[in-house]
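Here is a short briefing for a reader new to this structure.

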Number of protein chains: 2
Amino acid sequence: MAPRPGYRLPKIPEMTVRRLSVYTRCLLQLEEDGVKTISSQELAERFNLNSAQVRKDLAYFGEFGVRGIGYYVSGLKAELHRILGLDRSWPIALVGIGNLGSALFHYRGFSRQGFRIVVVIDDDPTKIGREMDGVPIVASRDLAREIKARGVQVAVVAVPAESAQIVVDQLVTAGIKAILNFAPTRLKVPRDVRLKDVDLSIELETLSFYLAKGTR
Amino acid sequence: MAPRPGYRLPKIPEMTVRRLSVYTRCLLQLEEDGVKTISSQELAERFNLNSAQVRKDLAYFGEFGVRGIGYYVSGLKAELHRILGLDRSWPIALVGIGNLGSALFHYRGFSRQGFRIVVVIDDDPTKIGREMDGVPIVASRDLAREIKARGVQVAVVAVPAESAQIVVDQLVTAGIKAILNFAPTRLKVPRDVRLKDVDLSIELETLSFYLAKGTR
């Protein structure tokens, strides 16, 4: 079922990777419902997916379906977990513990997928030195030391736009290789660091585009 | 500069719409910096964009560049605002005012783009009847009445996964046409309602995919 050892993955579109995440959620739910096997058509119907798209996305990574049976739910889920790097735990640094940072800290979806916030960084003197659910809150002057000591490669940035670039520069210097950025600003990182912007108003703007189009 | 009256827009890829949002942010910043005109190359360099992509995205909507000059910053920004439906104010209902709901309530990016939260819906009895910055918090049994009275077409859902489908069904019944969903679950809506899921762990998973790939 898995790709041959030594098989080099072709360049995978980011939308395919995002859909793999969606498929793992669907498979998890099927597993919880006691479903053992499912066809791409059934999968598509049950979760509002496109069955041709499902087959095309999975085909990037190997041959997962079995003729006359479909997919083995647990087996496919385990494969997708491995492909997405979810078969391990990723220690995470959360920078900024305001409203958004707090919401992200408590967001169950992260820990469920193996993302574990191990350190919170914030320069509010009333917060430094405290703990949240056993996770220490440290000042940004200690950021590099904490990140190295805890083997953190991924950071989530939830600071105001004005301070985001400074924080990101510090994270890069400390050896962070992937950043999920919630600050509404364009950031610069070196080529070997993967930056993913989550701009919540862009999501609303795509909605307003379609609403406005309906009235034009 | 604008498309001819009566010109029917071709089907626009969602990624193009998302990038238009990014371009409006870049143009806003240029405007604030006093820049009057800019070429697609300069725009791309300054904001880490792809100049061919910029030209292709804009070409869906008309001919915006002027030979030898480039784009007029303010004019292009105004056009993109109109295309994205940002030349008007969209009243919004926010459902759920926990940590994430509070973060979204205070998220400056929304109001800056014309999205105005006009009513908050939450069934916590300690919150119902109160106001946040002048915005009333009402119980879900009053959802339909409030949404109709305030002409709301867009809702932001920030409730736990278990209650999301119930809330969304209520919103659809009340006449909501676009939903931005933060609950980590797959929801069903009628075809004429636009649903946009924001699953924050998917963003982290695309990062872990690329990190894991680097070590394979």
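Glu205(B) and Arg25(A) form a salt bridge through their side chains, at 3.1 Å from N to O; the term stands for a side-chain nitrogen of Lys or Arg within 4 Å of a carboxyl oxygen of Asp or Glu. The model is predicted: local features need pLDDT of at least 70, side-chain atom pairs count only at pLDDT 80 or more, and totals for chains, interfaces and linings use all residues. Residues are numbered from 1 along each chain as its sequence is written, chains are lettered from A in the order in which they are written, and side-chain values use heavy atoms, with hydrogens and water left out.

**Interface of chain A and chain B**
- The rule finds six salt bridges across this interface.
- Helix H9 of chain A (residues 200-215) gives 15 residues, the largest share of the side of chain A that touches chain B; helices are DSSP runs of H or I, at least four residues, numbered from the N terminus.
- In contact (heavy atoms within 4.5 Å) are 70 residues of chain A and 69 residues of chain B.

- Beyond four places in sequence, Leu58(B) touches residues including Leu20(B), Tyr23(B) and Phe64(B).

**Ser208(A)**
- Helix H9 of chain A contains Ser208(A).
- Ser208(A) counts as buried because its relative accessibility is 1%, where buried means under 20% relative accessible area with a 1.4 Å probe, protein chains only.
- Outside four places in sequence, Ser208(A) contacts Leu84(B), Gly85(B), Leu86(B), Trp90(B) and Phe115(B).

Conventions:
Helices (H or I, at least four residues) and strands (E, at least two) are DSSP runs, numbered from the N terminus. Buried means under 20% relative accessible area, exposed over 50%, partly exposed in between (1.4 Å probe, protein chains only).
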